[in-house]
Amino acid sequence: MTLPSVRAHTSAGGAGSRVLPVPLAAAAALLLALTVAAPLQSASAAPVPGSDWGSQGTMASDSAVTVNWDNSGNPAGAVVPRGAEQVLPHTAGKTYADVSARLRSEAAATFGSNNGLGGLAVTVSQTRNLQNQAVTVSFSGAKAVAGSNGKTSTYLQVFQCWGAPGADGKPDPDAAAPDPATCQFGATGPDGDISNSAHQRALLNDPLVRGGDWEQADSKSPTMNLPAPFLAISGQSTRITDGFNLSEYRNPYFNRTSTNEHSRFIAADTGSDTVAAAGSRTFEVQTGAEASGLGCGYRPDAPSVRKCWLVAVPRTEVIDSILAAGPLSPSLWATRIQIPLYFQDVAAVCPSDQAATLSFGSESLAAAMKSWIPGMCAQKHFTLGFSPMADMQARSQLSGGEPLAFTTRPVTGTKDTLYAPAAVSGVVIAMTIDNVCTRRFTQYTAADCGYANEAEFEADRARNGSLVRNLRLSARLVAKLLTQSYVLHTAPASADSAPFAKPGNTRYGQPMTYSLQQDPEFLTLNPIGLGSAGNLAPPIVEGLRSDAASAVWDWLLHDPAAKAFLEGCPDPSGMVINPFYSMRTYASCADRASALDAAAQQKIADTKQPASFTYATPVYPSDSAPYPQSYWAEKPAVLLPDGRTVDQPALTVGDQFARVADMATAAQNTVRAQPASVTEWCADCSPPAFKSVPRQGFGSRNVISVTDAASAARFQLPTAQLCNTDGSACVAATNASLQTAATAFEPTGTPGVVGPDSTPDYTAGAYPLTVPVYGVVNTAAVTPGEAGTYSKLFDYIGTTGQEQGFGSGMLPPGYAPLNTALKARAAAAVQTLRTMAEHGSSPATAVKPTSPLAAIIHSTAPAVPEHIAAVTTGDGPDPGAAGTAAGAAAGATPAAGKAPAAAAAGQAPEPVAGSPTARTSSAWPQHLLLIGFGLAAAAAISSLLLSRGKRR
C-alpha cells in the first residue's frame, strides 16, 4: 500500500533469455517519461502511518474510509440514495423507486441497518495518494444468506470506474457518482466464471433498460441480451453485439489477465444467518498505465481524472434468482456502494526554470524516488529524472563519465567518487498463498493441516485470514527453491527424459523430494497452516542483473548449510541438489565426495538433454545472470503427421519458469497470482506461440517471488520470515529489523561505503537481506553548478526524505529511515558538494585529509568484485542477459523526453527477447510541506559513529 516503484527502461547485459514483460508495457513507459504533481501534504508529529509495514502484508493508512449501505455517516461522494432521488443512468430517468419491489426488499433485508447485524459496511484501507498498488477491501454486517449448497451465498462484486462524462462528453471532475459504462468489469476476475451472466456486463432483460439509451443503441435486440458498453476515458465506446463471451475477450481495454475486478468476493462461511457475513481481500488499484481505459491519475496531455471510484455491488443467491444480470444492469447498480479514490496527478514538468537533472541506478530505490522527486520539486525547486537499470550498468556508466548514479555496491576502477547514503532497503520473499486450512474446521482438518484441535485451528484462522502470512524459510530452503531441486520443479522434464526426477526412484540413492511441503526441513519450520504451499512453483525472479540479486546469493554462500547444499552435499534428511545446478565441489562433505559425485554424474548421464545444451558445472555467483537457470530439459517439439513439420516448438526451462522485467513486476505478478510461466499454446495467435498461463483462481493461489520490501509493501504482500539453519531464530523484514541490520553494516574496502554483514545476527533481530543504497557522484565530471544541485538533492534525501508516510515526498513503506551514522555520512557528502559549488574546486583540495569528510571521498579505491549473482549452465539462452522493462516490452525505446504510444490495456503479457535499452529521465513532482532539517552538526561526530563495531 505504497507509492508504486518506477519501471523505466531497465537494462542488463547480454541477450537471449525468456522474459515475461509487464502488461501494458508501452503505457507504463509513457508514465515514466512524465512527472507527477499532487496536493500539498502536511507533516504530523504523530506516528506516521505506513511505518508499520512488515511480513503480514497489512498496515494502517491515514485515508481509510468506511461506507455504510444505508448511507449513515457516509462521507461526501459515497452517498447512494435508496429512494427516488437516485436517478439511474441509461434508463430515461428511472430511479431506485422503479427497481422491482422484491429486489429492493431483499436488498434492504440483507444489507440494510435493520437486518439485525448492523447493516453492510465496506472499508477501503487507503483512498488518497494512490497509484498502482493494493488496498484492502473488507466488509461486515451483511446477512449471511444460505445458498442451495447450504453455505453462505452473500458476496460482493468489486471493481474500479473512472467516473462519468459531462455534457461535453469529457470527464466530469464534479460528478457525484460514476456511470456504470465507465467501470472495468466483465472480463471476469480470477474468482469469476465467464459463462455466468452475473459475472459479465450482461443486462439480461433488466426492465429498467427499456426506453433508455442503451436499448436505443441496440433497438433490434428485443430481449436486450447484450452487454453494457464500456466507455473509455478517451470517449471511445466499445460494445460487441454478437454475444457476451466474445465481447469480453475482444474488449481492447481490459481482459481476464489485466483486469482488477473481483467477480465473486464471497463472505467467509459462517454456517449461520445469525452471524454477520464478512470478508477481506486485497484489491489492485490501477492507474492509466495499467488500465488505459480508466485513465486514473490526472495528466494534462491526455484524457484522465484525479478521482476514480471503487464500486461494490452486494449480492446473494436469492438476488441472483430475481435478476441474474451483471452488476452494471440498472436494477443491481442501484444497490451499489461507491467510494471515491484520489490518485496522484501526472504533469509534464516540474515548475522550474532549470533543466531536468538526470540520474539512474538501482531499482531498489525506485519506489523512494517515485515519492521524493515531487518533494524535491516543491522544496528544492528543481526537477530530477531517475531511470532504474541494472546496478552493474549504472556503475559502468558512472565509470564512463556520467556524473550521478545510485547503487548498493561501490564503483570499481574510478577515481574521485563521493558516496551519500540514500536509503535502507531489503530483499524479501513475497507470497500469495491461499490458506485452504483456514476455511472451516472439519473432521479432516486436524489430520490434513497439523492442528491439534479446533481451538488451535480457530486461532490460526483469526491470525491468518484467507492467506498464509507466517511462512518461514531458511537459506538452504531458498537455495532449494532456486535450483529446481524438487520433483514438482523439474518441468518440463518428464520421468522418461530425467529418470532421477521420477517420484520414488531409488536407482541413484534416496529418491528426489517431491515438493516443498514434503521437505522435512520445511515442515520443521512450518508445522501448520501450509495452505496450498505444496504446489508452489519456484519463486518468480527478475531478469535484471541487480545488486538485490547479488545480495541473495551472498546470503546463501555465507550460510554454511545453504553453501554446502549448493556444493552438492545432502541436507540432514538426505536431500541433494538437482545435479545440473550442483557446483560438485563437496567441500563441506569431503568424506562422501566420491559417492555423491558418482551419483550426480550418473543422473546427468541418464538424462536426455536438449541438443542445444552443453553441460558445464555452475559456479556461484555467476557473472552472466541474476538467478540460476540451466536449460537441461525440455518438452520435445510437437510434429505434424508428416513427422517433419513442427507444429509446436520445444518447451524449455525458460518457458516453464520465465524471468520478469524487475522486482516490481515480480511483486505485481504475485498480487495478481499470475505465474511467470509461458507454457499455454496459442494456435490462434499470429504467429502461433506459447503464451502466459492464466491467473490462479481464489482458493488455489500459490505464487511466491523474490522482490524488494517496498514493492511488497506497495502490493500488501505477506513476506517470509528468514531463519537460521536450526530454526531457533527467524526474522521478518520490518522497519526495526532493517535498522538493526544497518547498525551492523561492515566496511566494504571502499572509503565511505558500508554493506551488509556477511554473518547476520538472527538472534538480535537483524534482517539478513538488508541492503543500503548510495548516491554516487563522479566528482571529476561535475561542474560547480551540478555540485550545488546535487547538494540540494542529497540534503533533501537525507532529511525530509527520511520522514515515513504515504504522502508525496516522504519515505514510502518498505524502507527503513537512515540511522544516525548513515545520516552523518549523507550530511558530510552534502557539505563536500556545497564546498565544491562555492569554490569550484575538486574534493581533494576542498576538504582537508584530516577532516571526517575525507572518509566519504573515494579517490583511490581498491578493486572490489562486482559479485553479479547468477548462474547459467550449458549453452541454453542466458536468462539474465536481457534488459527488459516497460519500454523494451513495448518493442520500442523512446528518446529522452518522448513517450511511445500507449498500448492497449487488454494486451496479454507475452515473452520477448530482451535487449539493452537507453536510459530515459522520469520525474513525478508532488508537493510536500517544508520539514525543518539540520544534520550538518552530525558530521563532526561521524568518525566516531563509523568506528562502531558490530552489534551482537
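Mentor: A residue is called buried under 20% relative accessible area, exposed over 50% and partly exposed in between (1.4 Å probe, protein chains only). The model is predicted, so local features need pLDDT of at least 70 and side-chain atom pairs pLDDT 80 or more, while totals for chains, interfaces and linings use all residues. Residues are numbered from 1 along each chain as its sequence is written, and side-chain values use heavy atoms, without hydrogens or water.

Strand S11 (residues 307–315) pairs with S12 in the antiparallel sense over 6 bridges, where pairing requires at least two DSSP bridges. Within this pairing, Leu310 has Ile339 in S12 as its bridge partner.

Turning to the rings, the whole structure contains 15 aromatic pairs (Phe, Tyr or the six-membered ring of Trp, centres within 6.5 Å; planes under 30 degrees apart are stacked, over 60 edge-to-face, the rest tilted). One of them, Phe230 with Tyr253, is tilted, with 5.7 Å between centres and 55° between planes. Phe230 belongs to strand S7 (residues 230–231), whereas Tyr253 sits 23 residues away in the loop between helix H4 (244–249) and strand S9 (262–266), so the pair links distant parts of the chain. Phe230 counts as buried because its relative accessible area is 1%; Tyr253, at 10%, is buried as well.

Another tilted pair joins Phe500 and Phe580, at 6.4 Å centre to centre and 40° between the planes. This pair also links distant parts of the chain, 80 residues apart: Phe500 lies in the loop between helix H11 (475–481) and helix H12 (520–525), and Phe580 in the loop between helix H14 (560–567) and helix H15 (593–606). Phe500 has 5% relative accessibility and therefore counts as buried, and Phe580 is buried at 0%. Both rings belong to one aromatic cluster, together with Phe613, Tyr615 and Trp632.

Arg82 is placed over the face of Trp69, 4.3 Å from the ring centre, and Arg281 over that of Phe698, at 3.8 Å.

Key. Helices (H or I, at least four residues) and strands (E, at least two) are DSSP runs, numbered from the N terminus. A charge sits over a ring if NZ of Lys or CZ of Arg is within 6 Å of the ring centre and within 35 degrees of the ring normal.
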